[in-house]
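The following paragraphs lead through selected parts of the structure shown here. Please keep the sequence and the model in view while reading.

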Amino acid sequence: MSKIDILEHKLVPNHELMTDSEIEEELGDADFEIENLPKIKIDDPVVEDMQSRDINVKEGNILRITRDSQTAGTFVTYRIVEE
Amino acid sequence: MNNFIKKIEQINFGLMSPEDIRNMSVVRIEAPDTYDEDGYPIEGGLMDPHLGVIDPSLKCRSCGYRGGECQGHFGSIELARPVIHVGFGDIIFKILRSTCNECGRVLLTDEEIEDYKQKIDEAKHHGVSLNNLLKEIYNVSRKDKCPHCGAEQGAITIDKPVSINQEIGPNEVYKLTPSEVRERLERITDEDSYILGVNPEVARPEWLVLTVLPVPPVTVRPSITLDTGERSEDDLTHKLVDILRINHRLIENMDAGAPQLIVEDLWELLQYHVTTYFDNEASGVPPARHRSGRPLKTLAQRLKGKEGRFRSNLSGKRVNFSARTVISPDPNISINEVGVPEMIAKEVTVPSYVTEWNIDEMRKYIENGPDIHPGANYVIRPDGRKVRVLDDTKEGILEKLDEFEQLPADDRHNFIVERHLKDGDMVLFNRQPSLHRMSMMAHEVRVLPYKTFRLNLCVCPPYNADFDGDEMNMHVFQTDESRAEAKSLMRVQEHILSPRFGGPIIGAIHDHISGAYILTRTGTDFDFETAMQIIRKSHLDIDNALVRIAKFKKENDEEMKGDDLSDTQLISYLLKLKEDVRITGKELFSLLLPENLNLNYRAEICNNCSQCEKEACQYDAYVVIKDGQLLSGAIDEKAYGSFSGKILDKIVKEYGADRAREFLDRSTDLAICGIMQNGITTSINDEEIPDEAQARITEHLDKAEAEVDKLITTYEEGFLEPLPGRSPEETLEMKIMQVLGEARDGSGSIAENYLKMDEYEDGRRKYLPNYSVIMARTGARASMLNLTQITACVGQQAIRGDRIKRGYIDRALPHFKKNELGAKAKGFVHSSYKHGLDPIEFFFHAMGGREGLVDTAIRTAQSGYMQRRLVNALQDLQVKPSGLVTDNQGMVIQNMFGEDGVDPAKSDFGKAADLDKIIDEMRLKDDVDNESLVKADGGN
């Protein structure tokens, strides 16, 4: 049986690795410390899957998660990769 | 003394060493007694005067302060033998399991020790919880052989809560005495104890075993003197007496060289008493009881649970300046107000600073004193002295007030009068359970006679109050800041819109709705005189009302239509018509609406016809409001009821809370007037239907029953096609349920055809209106289901969603054959409530009814706990102005509140905007604008 591609699964929202310039642009003027963002584990299946696709996700990187929202249509949230 | 502020920077938790306990102790307690025959405390007894005093006339022997000032001092009991502390049984067990039985080292290799030490340091540095790490350490350190001395480890087990056993051979255990446990704990080095989660700076493992017991001061366990002069001691004192007695006997026996067995028995007993002294509900230990058989309330019981110190005394304190009494309705006061009985108004007070502007008023209050209503109970003079206003003290206080008045303006400070509550004061009003923020709202006081709180009926839904004996609480604000804050944030009118669904939660109920319907339906009109009376009773502005009615009339007057008249001209135009004009209920209701309101919607009474006639609706169910005039449709629940009022919703959102409050107050007045002009009543005749209808219903039910029988036959013959994923039995059940459900609905709609609000023939009313139906259809109270159950058929009774099958073996009642599947055998009630249920139906109905009662009882308990957990989890979250949601640590929970940043209270029933509605209203507004344009052209 072939492995399910979780990134393509409809219940898994879209995760993207943010570049430094993107972080500066989107979170530069945020009124919170970047470290206070919600966390995602480095051994989270999504992160591991991204790594297996040669996306170099490291500790401290920020992922942009775009997901469907009941209230707002689509919603962009951020998670910081830890340990 | 208490005026300086100290800031707590950190709290350290540790264990008290026996030395700490001895140092803290002011007296060693040895006598297992409290008072001697003369009633004086025994020296060295449990009530030793060194432990502090309660009586203010006595001085404490330790600190010299008097009772009330002395906060008490600890004593101590030297235990004859060590005893394990109940709270630490589990920790002791884990520590012993993780250390060597021989050498006392932790069962970890040197590398592991180094590794974990580093990890603990790191976790402490980052302020991360050690729990998971320690759990891991305790798991890893369970080894069969000591890595340090090589000794084999016998398994250690615990007999909860305090017996620790060591396996010494196959199926052979030895019970370790607390002394042995303590010896083993003593052997653990400081370094090892650090790894095991016991910081040697503040605690040593052996301190988990007690050798000295602290004796709390008498202030913690005061004795009560009964009316008979008898002394009754606190439960803790009783327990301490027990401990001292056994301790004494143990010492005596040991000194006398008693056999080991006896000493061990006494030791065991001492352990039992110390255990129950700490926790009288420890599992595996029989609770210590009072002579009467009541279990003692010892230390843990004082702190634990809902009635414990934390939840009852610290999180939930009792307050002054509050009142509680029964509530009753008063439709004549504003929704912003609360009627306060004079008795209460004279008891709870407001502190008022005396200024040059209110000094005469304050003087009046002092003169009135505590017994005449707008009076005062206390006065706080500028020197800080609080004086009770009494007949004797009045003169003196007034003199002081005069002196105060003579002072230069700059020195006139801090003369405070604690005056009675009076009309217009802000108070906080609350009904438990306080489930949402609308359970506590700020009201304006209206001092009224009699002894109940009075409230406007529109605020019943947010408080979930009714008047079957409900009580409510009132709190009086004591500072101007709190008053101001409450007035802007907590006033009733600020809470008309609920953040739960973005619609009004405060609104008309019951008679307000049926009243408005009767007033505004087509056909209701009044002569000029009656109309004026209604306007007057509704507290509407007469001049304004006349002008607006004149405008409405003018629009329908072909001759006058185009003319532009001034207000006085309009009024005289109307007065000219006086004799033969009829003023409709719709016109009267329009007087409440803002003059430029445009709105249309389908009313609650809408039949949902397949082809909507809109404005031409013959049922009065399509509401059109154009330029503040109700043109068609009747007012019902959808207009201004709580939870669904469209007009109310629009007025709050577009004209503000003040206008909405005005609308609600006036419309309830008007609705009451409307209902009083007409009268409303109902009787069982309202549920009467003709014989022909009854026959149709019977026929309908018979047909359904035949269909059920047919289904059963098909099933029994094995021809029933099972639904996907269902067994034939389940399929049969589902199909029968469906058929019977349709049977009930069908019989209901047959009955509904005969249950009309009103019937007209040639423009004349055929019967009296059917007020039961009016109440159900307008949403005032009850539903059509209730009515059809009374008239036609009650329907299937269910338990857990299934037909009733419990009771006897394979049948619900012995009147049926086993495994009978028919409608009647499983709880279908053919009869109507009016006709009456037969005994079998009645029994099934009671079974179904019981389930409903049990469900509600369970649901409240469950949802209460669910709410508690939710509140505890969410109480510290905050929403920043940017929409960012963080917890109290600054961690981001959401980077936009609710993902769309919309305040649900300001949303349109949960949506950010309802486009269809907006477009509809723009169209209406457009019509109005065009008309006025045409008019303007015509004028030129």
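In this predicted model, strands of chain B form an open sheet of three in the order β20-β21-β22, with antiparallel pairing. Helices (H or I, at least four residues) and strands (E, at least two) are DSSP runs numbered from the N terminus, and two strands pair if DSSP finds at least two bridges between them. Because β20 (599–602) and β22 (629–632) of chain B stand at the edges with a single partner strand each, one side of each is left without a neighbour in the sheet. Four bridges join β20(B) to the antiparallel strand β21 (residues 622–626) of chain B. B:Tyr601 stands opposite B:Val623 in β21(B).

Helix α2 (residues 89–97) of chain B has as its buried residues B:Gly89, B:Ile92, B:Phe93, B:Lys94, B:Ile95 and B:Leu96; buried denotes 20 or more other C-beta atoms within 10 Å of a residue's own, with C-beta atoms placed from the backbone. These buried residues of α2(B) pack against β1 (75–84), α4 (131–140), β2 (156–159), β3 (163–169) and α5 (178–187) of chain B.

Between the chains, 12 residues of chain B are in contact with 12 residues of chain A, where contact requires C-beta atoms, placed from the backbone, within 7 Å.

As for confidence, chain B averages a pLDDT (the predictor's confidence in each residue, from 0 to 100) of 88, and 97% of the residues score at least 70. The model scores ipTM 0.91 and pTM 0.78.

Residues are numbered from 1 along each chain as its sequence is written, and chains are lettered from A and ligands numbered from 1 in the order in which they are written. As the model is predicted, local features need pLDDT of at least 70 and side-chain atom pairs count only at pLDDT 80 or more, whereas totals for chains, interfaces and linings use all residues.

Definitions and conventions. Contact = placed C-beta atoms within 7 Å. Buried ≥ 20, exposed ≤ 12 C-beta atoms within 10 Å, placed from the backbone.
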